[in-house]
Amino acid sequence: MVDPDPRRSIPRTDHLLALPEVITAGEHLKQATIKAIISEVQTAARAGEIPVAEVAPTITAELGSRSASSLTPVLNATGILVHTNLGRAPLSPAATQAITEAAGYVDVEMDLVTGKRSKRGTGAKAALLRACPAAEDALVVNNGAAALLLAVTALRGRSAGSGEIIISRGELIEIGAGFRLTDLMTTTGARLREVGTTNRTHLADYADAISDDTSCLLKVHTSNFRVEGFTSSVEVADLHRLAEEHELPLVVDLGSGLFTPDPALPDEPDIDTALRAGADLVIVSGDKLLGGPQAGLILGRTEAVQTLAKHPLARALRTDKLTLAALDATVTHTANPIHDALHMDPNHLRQRTEELAEAVGATVVDHDGRVGGGGAPGVPLPGWAVELPEECAEPLRLGDPAIVARVHQGRCLVDLRCVSESDDRRVAEAIARVRGSHA
């Protein structure tokens with residue numbers, strides 16, 4: 001009697017491990033990885049997701065296409081420069097080269113002249129101070145949230161009591177995935193002293209809240225939203241005078257990472273201006289408008305920075321050699337994909353978009369890009385996109401190359417702002433394949 005269920009004939013694991021292609025894959029992949037792939041394909045076959053006859057070919061194809069990591073390189077055709085879901089800022093060629101060079105043994109904590117131990121990441125620190133002369137000292141940790149956590153924790157010890165942090169109610173921020181800066185700060189045991197209202201906060205509000213329990217004044221850039229209309233906030237220079245009067249440190253969390261003012265983003269605060277206005281510590285992320293790797297950058301007065309650097313938590317939050325190398329290269333060299341996308345020649349962008357539309361038989365529509373990633377909220381970056389049917393979005397994402405476009409109002413919009421011009425032909429070929437399969 002013939003068994004009607006073909007799933008009973010799914011090849012056994014030992015038989016699949018004996019396939020020549022699987023044995024060859026074992027020369028560069030660990031057995032645990034190979035067995036996991038085999039198990040996943042067998043499970044898919046049992047669920048009826050793939051035919052039993054395709055089990056072995058699927059396994060060999062998966063092993064043959066296996067890259068160095070499980071991350072898939074994508075072309076960002078959304079028009080969002082700092083796309084958090086796509087890894088935020090793409091690294092520059094110099095930063096990429098720096099990571100490769102730092103992958104082996106490097107002098108991250110050694111003075112090659114003396115042969116003795118040195119301070120960690122002195123090159124990256126020197127690069128930051130050259131780029132921002134207003135800063136007396138700098139410290140690098142693993143991300144922006146870590147920098148704020150370290151600042152709040154280290155400065156808490158200055159107060160006689162619980163260590164109150166005075167902050168405007170209009171600056172109590174929640175960012176992606178429900179992460180709230182307020183929750184981060186209260187985990188240290190410090191208390192938040194909220195002053196003012198959502199839309200209006202005055203200097204007197206801060207002054208009235210200062211007590212012996214105050215550990216610092218904190219100003220946070222509302223990087224992912226804007227409050228408009230009847231509003232008021234206190235400038236860094238005014239907070240500095242108040243903090244200096246009461247011998248309190250002033251911490252300014254800017255988030256997005258501009259070193260100096262950028263004409264393209266006239267309302268976006270920058271590190272240099274905040275420091276010259278009197279901030280003791282300025283905190284930014286490295287992988288946003290700076291265009292570098294994920295890192296938390298702390299720049300400011302020597303005494304304040306060293307207070308953080310000497311705290312035991314600084315060791316737990318320190319960054320690795322690859323990040324330090326990439327940060328050094330980003331700050332030192334001129335080529336920068338984020339800067340290029342932000343300052344792209346609009347005429348050239350339109351020409352590229354029209355050429356793509358003509359090549360694939362589509363139309364060009366107006367499309368505003370965005371900084372994204374908690375930078376320049378509400379600021380449009382005027383541009384254009386190729387308009388495709390919405391059903392093209394998924395196969396473009398799953399294709400080779402993987403292209404992530406914007407899906408909006410039933411349309412698939414391909415924006416070339418963040419796509420290297422050298423990839424335009426690949427984008428055109430991918431769209432042509434997708435449109436041909438849907439014809």
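Guide: The questions below concern a predicted model.

Visitor: Which peptide bond is cis, and in which loop is P401 found?
Guide: Most peptide bonds are trans. The bond from D400 to P401 is cis, with omega near 5 degrees. P401 is found in the loop between α17 (393-398) and β13 (402-408).

Visitor: Is A376 buried or exposed?
Guide: A376 has a positive phi of about 45 degrees although it is not a glycine, and A376 is located in the loop between β11 (363-366) and β12 (384-389). Buried means under 20% relative accessible area. Because its relative accessibility is 4%, A376 counts as buried.

Visitor: Is Q409 buried or exposed?
Guide: Phi of Q409 is also positive, near 50 degrees, and Q409 lies in the loop between β13 and β14 (411-414). The threshold for exposed is over 50%. With a relative accessible area of 65%, Q409 is therefore exposed.

Visitor: At what distance from the ring centre of F230 does R200 lie?
Guide: A charge sits over a ring if CZ of Arg is within 6 Å of the ring centre and within 35 degrees of the ring normal. R200 lies over the face of F230. The distance from the ring centre is 4.0 Å.

Visitor: How far apart are the centres of the positive and negative side chains?
Guide: The protein has 42 positive side chains and 58 negative ones. The centres of these two sets are separated by 5 Å.

How values were computed. Residues numbered from 1 in each chain as written. Predicted model: local features only at pLDDT ≥ 70, side-chain atom pairs only at ≥ 80, totals over all residues. Heavy atoms only, no water. Lys, Arg positive; Asp, Glu negative; His and termini not counted. Charge placed at Lys NZ, Arg CZ, Asp CG, Glu CD. Helix = DSSP H or I, 4+ residues; strand = E, 2+ residues; numbered from the N terminus. Buried < 20%, exposed > 50% of the residue type's maximum accessible area, 1.4 Å probe, protein only.
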